[in-house]
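Reader: I would like to go through this structure with you. Could we begin with how the chain is divided?
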Amino acid sequence: MPDAPIYLDNHATTRTDPRVVAAMLPFFTERYGNAASVAHRFGWEAGDAVDRAREQVAALIGAEPSEIVFTSGATEANNLAIKGTARAAALQTGGIAHPGHLVCSAVEHRAVLDPMRRLAREEGWELTVVPCDGFGRISAEAVAGAITDRTVLVSVMAANNEVGTINPIGAIGRLCRDLGVAFHTDASQAVGKVPIDVEEDAIDLLSLTAHKIHGPKGIGALFVRRRGRRARLVPLVDGGGHERGLRSGTLPVPLVVGLGKAAELASQEGPVDCDRMRALRDRLDREIRSRLPEGGIRRNGHPTEGLPNNLNLSFEGVEGEALLMGLRGVAVSSGAACSSAGPESSHVLRAMGVPEELARASLRFGLGRFSTAEDVDRAAIEVAARVRALREGSEAGLLTRTGLARPDL
Ligand SMILES: *Cc1c(COP(=O)(O)O)cnc(C)c1O
């Protein structure tokens, strides 16, 4: 068996921390009660564990435990925030003031863009998509320009999952608060890596997910503001009235415990992890460049306002698909994992004005808590070798086509 590829795709998902798994295990086989059972010890144990996890998640973002709603992940949290807010607003006005207006950014994950577009298509909402700058950043001024007196909700992600650019969400949050517009942020990539405080940043709704912070897949949370101006939501799932009626269904206690533990570790170790990842990220960039001719590599994203674990590079003179598929020893993505199935280039890179050909020839490296210097060095060698081989190949092809060289020579 050849060695397992080096995992540098931590924006897609992360390895569950063994300490998280250890915290989860007893809740499968020993403390397997239903957290909603109030009549026996099994239920109390599960309920206590859920309470603790709610505190751990709340502490990571400066929320109160009662403001945390557990969901299946960030996709569901985003859907609940967006559809829930829009439908609550439509109810409040009895449909009279409809159509209302929604705002999101051009660099959002599809888990924000798609629910927004569905509301526009099927429920009569007007949608404004705010453009980014060349670094993928959304300015508070651009958001201000999009808000009208009918705007109900603004959604701007805290940090981008492709190019790592961090948005000024505090400025955007305060702007929305001043104008009486609800503010949602998809903080899936940012929590644990960028300081976020829902009070200081004036956030009304915030989505996060465990599997991007070394927790398990299938569990996430939506912060729903209760202090001050309360966020109003219509639930997507009705049933037993769990999670204050906002998300019915028996809580997956082991997963909830895993999210709590992952959040606690992110609170405690995030700053140290970030320093390590930033150094490794810079090393990866340096090692790749040192093996290739100067020029011909473009760094996508913001030079200073970026996630410490992100490196997004475009390589001139290579074909994107061939580049990605040829990298046997390194697990990376081109653009977002979720859209790499389609032939389309990244909507984020396009919004940033990256030329189509370069956008296609881009690789997204994502470091994690378990990345090592050895991983980075080995990845740099393989990436550089692959880029060199493809460039030489296309040069040879070019020479062949122009008749300057024969294929058998
Ligand atoms: C991964 C990710 C999501 C989706 O999260 P799931 O928990 O997999 O549903 C949404 N938004 C961003 C920015 C992400 O990185």
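This is a predicted model: local features need pLDDT of at least 70, side-chain atom pairs count only at pLDDT 80 or more; totals for chains, interfaces and linings use all residues.

Reader: Which domains does the assignment give for the chain?
Author: Domain 1 comprises 6-11 + 270-402, and domain 2 covers 18-266. Their C-alpha centres lie 30 Å apart.

Reader: How many residues of each domain are in contact with the other?
Author: In domain 1, 31 residues are in contact with 30 residues of domain 2. About 2400 Å² is buried between domain 1 and domain 2, and carbon and sulfur atoms give 57% of that area.

Reader: How many salt bridges are counted between domain 1 and domain 2?
Author: The count is one salt bridge. Glu 305 and Arg 137 meet through their side chains in a salt bridge, at 3.9 Å from N to O. Across the interface of domain 1 and domain 2 there are also 12 residue pairs in polar contact.

Reader: And which helices and strands supply at least two residues each of the side of domain 1 that touches domain 2?
Author: They are helix H8 (253-290), strand S9 (297-300), strand S10 (310-315) and helix H10 (347-351). The residues of that side divide into 13 nonpolar, 14 polar and four charged.

Reader: Changing topic, which residues surround the ligand?
Author: Among them are Gly 73, His 109, Met 157, Asp 186, Gln 189, Thr 209 and Lys 212. A polar side-chain atom of Asp 186 is 2.6 Å from a nitrogen atom of the ligand.

Reader: What about Gln 189 and the ligand?
Author: Gln 189 has a polar side-chain atom 2.7 Å from an oxygen atom of the ligand. For Thr 209, an N or O atom in the side chain is 2.6 Å from an oxygen atom of the ligand.

Notes:
Residues are numbered from 1 along each chain as its sequence is written. Side-chain values use heavy atoms; hydrogens and water are left out. Domain bounds come from an automatic or database domain assignment. Contact means heavy atoms within 4.5 Å. Buried area is the accessible area (1.4 Å probe) that two parts lose on being put together, summed over both. A salt bridge is a side-chain nitrogen of Lys or Arg within 4 Å of a carboxyl oxygen of Asp or Glu. A polar contact is a pair of N or O atoms within 3.5 Å; within protein, one must be able to donate a hydrogen and the other to accept it, and residues adjacent in sequence count only if both atoms are side-chain atoms. Helices (H or I, at least four residues) and strands (E, at least two) are DSSP runs, numbered from the N terminus. Ala, Val, Leu, Ile, Met, Phe, Trp, Tyr, Cys and Pro count as nonpolar, Asp, Glu, Lys and Arg as charged, and the others, Gly among them, as polar. A residue is near a molecule or strand if one of its heavy atoms lies within 4 Å of it.
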